[in-house]
2 protein chains.
Amino acid sequence: MTPDPGGPGPGPVLAIDIGGTKLAVGLVEPGGRIAAYDRVETPNEPDLDAEVLWRTLEALLDKVLADSGAPSIAGVGVGCGGPMTWPAGEVSPLNIPAWRDFPLRDRLRARHPGLPVRVHNDAVCVAVAEHWRGAGRGRGNMLGMVVSTGVGGGLILGGRLIDGARGNAGHIGHVIVDPDGPPCGCGGRGCLEAIARGPALAAWAREQGWRPGRSETTAKDLADDAARGHPIATTALRRAGRALGIALASATHLCDLEVIAIGGGLSQAGPLLFDPLEEALRVHARMDYAREVRVVPAALGQPAGLIGAAALVFAGDRYWNAD
Amino acid sequence: MTPDPGGPGPGPVLAIDIGGTKLAVGLVEPGGRIAAYDRVETPNEPDLDAEVLWRTLEALLDKVLADSGAPSIAGVGVGCGGPMTWPAGEVSPLNIPAWRDFPLRDRLRARHPGLPVRVHNDAVCVAVAEHWRGAGRGRGNMLGMVVSTGVGGGLILGGRLIDGARGNAGHIGHVIVDPDGPPCGCGGRGCLEAIARGPALAAWAREQGWRPGRSETTAKDLADDAARGHPIATTALRRAGRALGIALASATHLCDLEVIAIGGGLSQAGPLLFDPLEEALRVHARMDYAREVRVVPAALGQPAGLIGAAALVFAGDRYWNAD
């Protein structure tokens, strides 16, 4: 693969966030502001062709650029659901079966020749955004994480994004919090994600007898019921909070973190989740240095994925350790 | 604090390894060879004065230098038992009560003005040595660890030593493997170290009815009995191996490691420890990228601490991220 050109040119970054429910595209300015934005639902027909999905994304890119008067751009940054090969950017998003080893980075390079095109995991992009312009700004050692349908994250240590051997560092969702716990989608057992992901939480509550008014229930319904004082819903959030606290104690001890920023749908549950989290963290993170870690809500919300994707280009010296 | 001068001068590094049982000093060449070496037992009288201990170390330094014809040295590198303030190098080694906030780095700078003087955690130095000249050579993403009286380690990610916020990254011994497990010396519960450190392992075996021939028993005795087929001793090693496998699965998922190098006394137990370790690791490290991690015995043995201390000076671009 030809290496990217060095730094970004002038203009905004064309930022792309690819998930199982939506494709989002924005023009992100160097300060992190999103100057233009559009999105479509991710097509999800059972036999969807990889090329049809690609053309859907291309149409969205064309539209956002045309609506803004076709500005010259500094580069293209992408956050995409994993797994993927990194830095090659061949993506196989779990929730998008139409793309398996789809050469996303190469396709975007062909569309935007001569510009830096950088693709990373979507949760990594959220972590990068929170470090660049959000809750971890100015901190050298941070874990940014998303607690939602899955539990993902990204690690910034020594002021730089940590990729690990294959671009997969930051997978806090697969830290083990209960070795004899429930099976995890990864094939393992007792991972944080197996307990604290929204659907697992709602399923556990239903097993305990939680009977919400609707047949299709989500972690959001569970959080709402907990806020109304429903005992099973409250216990379910305590269980997730405790699992988070244990995983974060392990990560803090291993990586000597200063700050942990938590976003994603489930983090909206507030103290019902964060109080038991803090409690478990303080029980288990007892080394002197670890007691100083702070857990904070993510600051940027939904647009974090786009902002982080743009930072891969704008601040490649810190967040892009590849060609 | 004045910053160190930039790179090393010519000559060997004066390397120091400070632990609860011995003080070791060596002259280490740029290739990693130890050209001169001496050691003394660490004085351990109950009321030992900090200055007496310092003079013991100074006498050892003088002797090693004099025996080698007082060569000009490139700098001074130190591995010391934790905790310490880093990079200031004020040390309070758990097993050396005489030193509490002892300004080791400043003292050595005063003795060797104009030279780089660098102090880090002893387990970090072992990990650095294994990356620089041992089992992790040429790998970008490695955990080096020591399983002995304690369980410590150091992280190399993206080809560089990771320090974390306060120089404490790499504390694999305090990753939680059983949240309801035994209390740990750190004040927490269910840490790897609380289960897998040698003394904890021997104590557990004695509780189960292990009755070795001697009153003073060590993990070495336990490993010897396990090698002879003693069922409780074998079970104890399996228990430690499983705890190690779980912690290493968490670390591999979080940091996307390529290789884990394990040294220290207990690692001498061989397959009786490594087989259950691999088994638990393969149960829990199931993400595609994590299945590729390799666990190997450390290659450098006892001198690793000195070799890593020297690498802080010789290869500061990778292993020393401070002034």
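The model is predicted. Chain A superposes on chain B through a rotation of 180° with 0.0 Å of shift along the axis, at an RMSD of 0.0 Å; that is the relation of a two-fold axis. The area buried between the two chains is about 3500 Å², and six salt bridges are found across their interface.

**Extent and symmetry of the interface**

- On the side of chain A, 41 residues are in contact with 41 residues of chain B.
- Of the interface residues of chain A, 100% are also interface residues in chain B, so the copies meet through the same surface.
- Carbon and sulfur atoms give 61% of the area of about 3500 Å² that is buried between chain A and chain B.
- The residues of chain A that lose the most area to chain B are A:Arg166, A:Ile176 and A:Leu254, and together they account for 20% of what that side buries.

**Polar and charged pairing across the interface**

- Between chain A and chain B, 26 residue pairs are in polar contact, with both residues at pLDDT 80 or more.
- One of the residues named above for its loss of area, A:Arg166, forms a salt bridge with B:Asp256, in which the closest N and O atoms are 2.9 Å apart.
- Three elements of chain A give two or more residues to the side that touches chain B: β10 (151-157), α7 (231-255) and α8 (271-284).
- Helix α7(A) supplies the largest share of that side, namely eight residues.
- By residue class, the side of chain A that touches chain B divides into 20 nonpolar, twelve polar and nine charged residues.

- A:His171 is located in the loop between β11 (160-162) and α4 (192-196) of chain A.
- The relative accessibility of A:His171 is 16%, and the residue therefore counts as buried, the cut-off being under 20%.
- Within chain A, the side chain of A:His171 reaches the backbone oxygen of A:Asn168 at 2.8 Å.

**Helix α3 and the glycines at A:Ala123**

- A:Ala123 belongs to helix α3 (residues 122-133) of chain A, and it counts as buried at 9% relative accessibility.
- Leaving aside residues up to four places away in sequence, A:Ala123 touches A:Gly152, A:Gly153 and A:Gly154.
- For A:Ala123 and A:Gly153, which are 30 residues apart along the chain, the C-alpha atoms are separated by 4.9 Å.

**Helix α6 of chain A**

- In helix α6 (residues 219-227) of chain A, the buried residues are A:Ala219, A:Asp221, A:Leu222, A:Ala223, A:Asp225 and A:Ala226.
- These buried residues of α6(A) pack against α5 (198-207), α7 and α8 of chain A; the last two helices also give residues to the side that touches chain B.
- Just after α6(A), A:Gly229 has a positive phi of about 95°.

**Backbone geometry**

- Most residues other than glycine have a negative phi, and most peptide bonds are trans.
- The peptide bond from A:Trp86 to A:Pro87 is cis, with omega near 5°, and A:Pro87 is placed in the loop between β5 (84-85) and β6 (90-91) of chain A.
- In chain B, a cis peptide bond with omega of about 5° joins B:Trp86 and B:Pro87; B:Pro87 is in the loop between β5 (84-85) and β6 (90-91) of that chain.
- A:Asp256 is not a glycine, yet its phi is positive, near 50°.
- The position of A:Asp256 is in the loop between α7 and β12 (259-263) of chain A, where it counts as buried at 0% relative accessibility.
- B:Ala70 also has a positive phi, about 50°, although it is not a glycine.
- B:Ala70 lies in the loop between α1 (50-67) and β4 (75-80) of chain B, and at 59% relative accessibility it counts as exposed.

Conventions:
Residues are numbered from 1 along each chain as its sequence is written. Chains are lettered from A and ligands numbered from 1 in the order in which they are written. This is a predicted model: local features need pLDDT of at least 70, side-chain atom pairs count only at pLDDT 80 or more; totals for chains, interfaces and linings use all residues. Side-chain values use heavy atoms; hydrogens and water are left out. Copies are superposed by least squares on the C-alpha atoms of residues with pLDDT of at least 70 in both. Contact means heavy atoms within 4.5 Å. Buried area is the accessible area (1.4 Å probe) that two parts lose on being put together, summed over both. A salt bridge is a side-chain nitrogen of Lys or Arg within 4 Å of a carboxyl oxygen of Asp or Glu. A polar contact is a pair of N or O atoms within 3.5 Å; within protein, one must be able to donate a hydrogen and the other to accept it, and residues adjacent in sequence count only if both atoms are side-chain atoms. Helices (H or I, at least four residues) and strands (E, at least two) are DSSP runs, numbered from the N terminus. Ala, Val, Leu, Ile, Met, Phe, Trp, Tyr, Cys and Pro count as nonpolar, Asp, Glu, Lys and Arg as charged, and the others, Gly among them, as polar. Buried means under 20% relative accessible area, exposed over 50%, partly exposed in between (1.4 Å probe, protein chains only).
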